[in-house]
Amino acid sequence: MSQPVLSVRDLIVEIPTRHGLLKPVDGVSYDISPGEILGVVGESGAGKSMTGNAVIGLLDRPARIASGGIYLNGERIDNLSLAQLRRYRGKQIGMVFQDPLTSLNPLLPIGDQLTETIQEHLGVSGGEAHNRAVAALDEVGIPAAKERIGSYPHEFSGGMRQRVVIALALCAEPSLLIADEPTTALDVSVQAQITSLLKRLCRERGMAVMLVTHDMGVIAETADRVAVMYAGKLAELGPVREVITSPRHPYTDGLMGSTPLASKGKRRLHQIPGNMPRLGQLPDGCAFHPRCPYTQDRCKADPGPRLKTCDGRAACWFPLDGAQAAKGVA
Amino acid sequence: MIAYVIRRVFQSFVVLLVVGLVAFSMFRFVGDPIDNMLGQERTQADVERLRTTLGLDQPFPVQYAKFLANAAQGNFGVSYRQGRPVATIISERAPATLELALVSGTLALVVGIGLGVFTAIRRNGVASNVIMTTSLIGVSLPTFLIGILLIYVFSVSLGWLPSFGRGETTQIGGWSTGFLTASGLKALILPSITLGLYQMTLIMRLVRSEMLEVLRQDYIRFARARGLRERSVNFRHALKNTMVPVITVVGLQLGAIIAFAIITETVFQWPGVGLLFINAIQFVDIPVMAAYLMLISVMFVGINLIVDLLYFAIDPRLRIDGRHA
Ligand SMILES: Nc1ncnc2c1ncn2[C@@H]1O[C@H](COP(=O)(O)OP(=O)(O)OP(=O)(O)O)[C@@H](O)[C@H]1O
Ligand code: SF4
Ligand SMILES: [Mg+2]
């Protein structure tokens, strides 16, 4: 098997607060291979964005990487200085944010924003950068790219703007793309276009993609593997088909519970009774145990289950088998 | 856009007409110029002759129309006190005020924006905190007090800089400049600091808070995520966006510098238009007062217009033209 583009090892992100140390990301490990899309799901506050931001070095203070390692194409990048890390951003790691309406500088034509990025990383002449900018817009499906290159962001629709954002993230040909809810802010009608665009680019370029989303439909259609996060930890990590059809972690099972995957329309994560605990008030043992229908005494004991200490796919002492999941409890 | 410009220019004219009415009304309702110009010993014939000369015998609307027509041509009548045309007197005094305003305006703008950007980028640095705390003094001390303090320290105690006047000036055409002599430049230092300090701190605090707001925006985060240099993120992306809301205030503050020159000119006995105005008030020299009022309002209206047009230059979202209307 080829070397993974991204390897995250036992990553812990800390936030020191007056009420103690919070760990929005707590011992997360995963790999993404070239041409592979890893879907990341979980409730709001699970630590999905924090993980992505840690990889590209954009954690907002006071959050910081406390321990663990991040490797990009085999090179360690979590201990680089900001100046060194800057050379990786855009060049090796592209990032796309949720809201295309606010991701672009409103006062600069999109062409200028593209060429500045291209020139920064590829060191080409102005004319060459211009040609590449047109090609980048072409690639993401902006019609009449040559004419639109001088347009300002407000002259594009939301879906078109997200295409521009993707072109910007990818114009220096990074090997890893982190897309943090790239379709959440878009009209339902254009969401599918953007995800299929991402999928196409991933395949064509052999790029590794980390796709954060709340939309199980998107995961089912685009991701190769899926990572389910709960309260800063990985709950389950495995091939998308298997995780969806026979989830092993009770939390995943709950998320899938009544997700009408095949049908169109509402494809949001299933609501599980109760709320994810706040970071400062995590229970001992398995963080999910207050909401879990299968809780036993062992679940409440410290230390809680981890992927490594369990079966490698679900961080659960009592993982479900297919029959149990199908039966459903509660 | 053309329609917008025309509408704005039209609005400006309406404002000026109203100000003109106020200025003109002073002639009728404040003091009696005849009393001021003629001493105690005067004949009725003297009074009548002067009334006719000054046009005070005509009906109100006629006087107003004449006043406006004259003002538009730069003719503001004759000073009651000096007996010379107001336009001449003002044009003699204008260079002093304009040079002072130019220096303090530049100071306020350059230092204000510079420090604002610095304190925003180094939000938590020691230097930023010192600057921010010191700037509180700049906004809270009244201008005349700053002037007197500066005079006390740099003129009276240290004897480095003059405490009043323009120093030596050089005449170039109709313009007397203090920029060309050492004493002229020295004389500019204290008054321009006094005059510009308030605006400088105001601009600095405004730029800082706007810039902090901009630095929180997604497109700044995205610019960082694209691997752009900090310099480019701060200046190419953040500063330009900061300037959009800052422009209005800065424009009006630069106007205020000329208007508030009155206080500084009085403290430093600076022979400019402001000092002229103060003296005019003491002598109820209505034509001078009216002319000053008109000029200041023309300036403010002009600045407002320029500010609005600058918006178009900076913010493409406002340029709604044929293409994307
Ligand atoms: N400065 C901070 N102080 C305390 N807690 C913080 C701070 N910043 C973030 N957090 C917490 O870190 C956790 C992880 O947040 P993150 O943005 O990664 O969630 P997410 O999974 O991306 O959620 P969403 O789906 O809403 O985007 C959240 O619980 C959040 O409350
Ligand atoms: S470890 Fe126990 S509480 Fe946690 S998910 Fe598994 S069964 Fe539920
Ligand atoms: Mg998020």
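Where is Ala144(A) found? Ala144(A) sits in the loop between helix H5 (126–139) and helix H6 (145–148) of chain A.

## Basis of the model

This is a predicted model, in which local features need pLDDT of at least 70, side-chain atom pairs count only at pLDDT 80 or more, and totals for chains, interfaces and linings use all residues. Residues are numbered from 1 along each chain as its sequence is written, chains are lettered from A and ligands numbered from 1 in the order in which they are written, and side-chain values use heavy atoms, with hydrogens and water left out.

Ala144(A) has a phi near 55°, which is a positive value in a residue other than glycine. Helices (H or I, at least four residues) and strands (E, at least two) are DSSP runs, numbered from the N terminus.

Another loop of chain A lies between helix H1 (48–56) and strand S4 (64–72), and Pro62(A) has its place there. The peptide bond that joins Arg61(A) and Pro62(A) is cis, with omega about 5°.

## Ligand 1

Ligand 1 is surrounded by 14 residues, where a residue counts if one of its heavy atoms lies within 4 Å of the ligand. The closest are Ser44(A), Gly45(A), Lys48(A), Ser49(A) and Met50(A).

Polar backbone atoms also face the ligand. One belonging to Gly45(A) is 2.8 Å from an oxygen atom of ligand 1. For Ala46(A) the distance from a polar backbone atom to an oxygen atom of ligand 1 is 3.2 Å, and for Gly47(A) it is 3.0 Å. A polar contact is a pair of N or O atoms within 3.5 Å.

## Helices H4 and H7 of chain A

Helix H4 (residues 110–122) and helix H7 (residues 158–170) of chain A pack at an angle of about 15°, and their axes are 9 Å apart. Axes are lines fitted to C-alpha atoms, for helices over the stretch in contact, and angles run from 0 to 180 degrees between N-to-C directions. H4(A) and H7(A) are therefore roughly parallel to each other; angles under 35 degrees count as roughly parallel, over 145 as roughly antiparallel, 65 to 115 as roughly perpendicular and the rest as oblique.

From H4(A), Ile110(A), Gln113(A), Leu114(A) and Thr117(A) meet Val164(A), Ala167(A) and Leu168(A) of H7(A), contact meaning heavy atoms within 4.5 Å. These residues divide into 5 nonpolar, 2 polar and no charged. Here Ala, Val, Leu, Ile, Met, Phe, Trp, Tyr, Cys and Pro count as nonpolar, Asp, Glu, Lys and Arg as charged, and the others, Gly among them, as polar.

## Helix H10 of chain B and its partners

In chain B, the axes of helix H5 (residues 86–121) and helix H10 (residues 230–259) cross at roughly 145° and come within 11 Å. The contact includes Thr97(B), Leu98(B) and Ala101(B) of H5(B), and Asn234(B), Phe235(B) and Leu239(B) of H10(B). By class, it has 14 nonpolar, 4 polar and no charged residues.

Helix H9 (residues 218–225) of chain B crosses H10(B) at roughly 160°, the axes coming within 10 Å. That makes H9(B) roughly antiparallel to H10(B). Tyr219(B), Ile220(B), Ala223(B) and Arg224(B) of H9(B) take part in the contact, and among the H10(B) residues are Glu230(B), Val233(B) and Asn234(B). The contact of H9(B) with H10(B) has 5 nonpolar, 3 polar and 2 charged residues.

Key. Polar contact = N/O pair within 3.5 Å; in protein donor to acceptor, adjacent residues only side chain to side chain.
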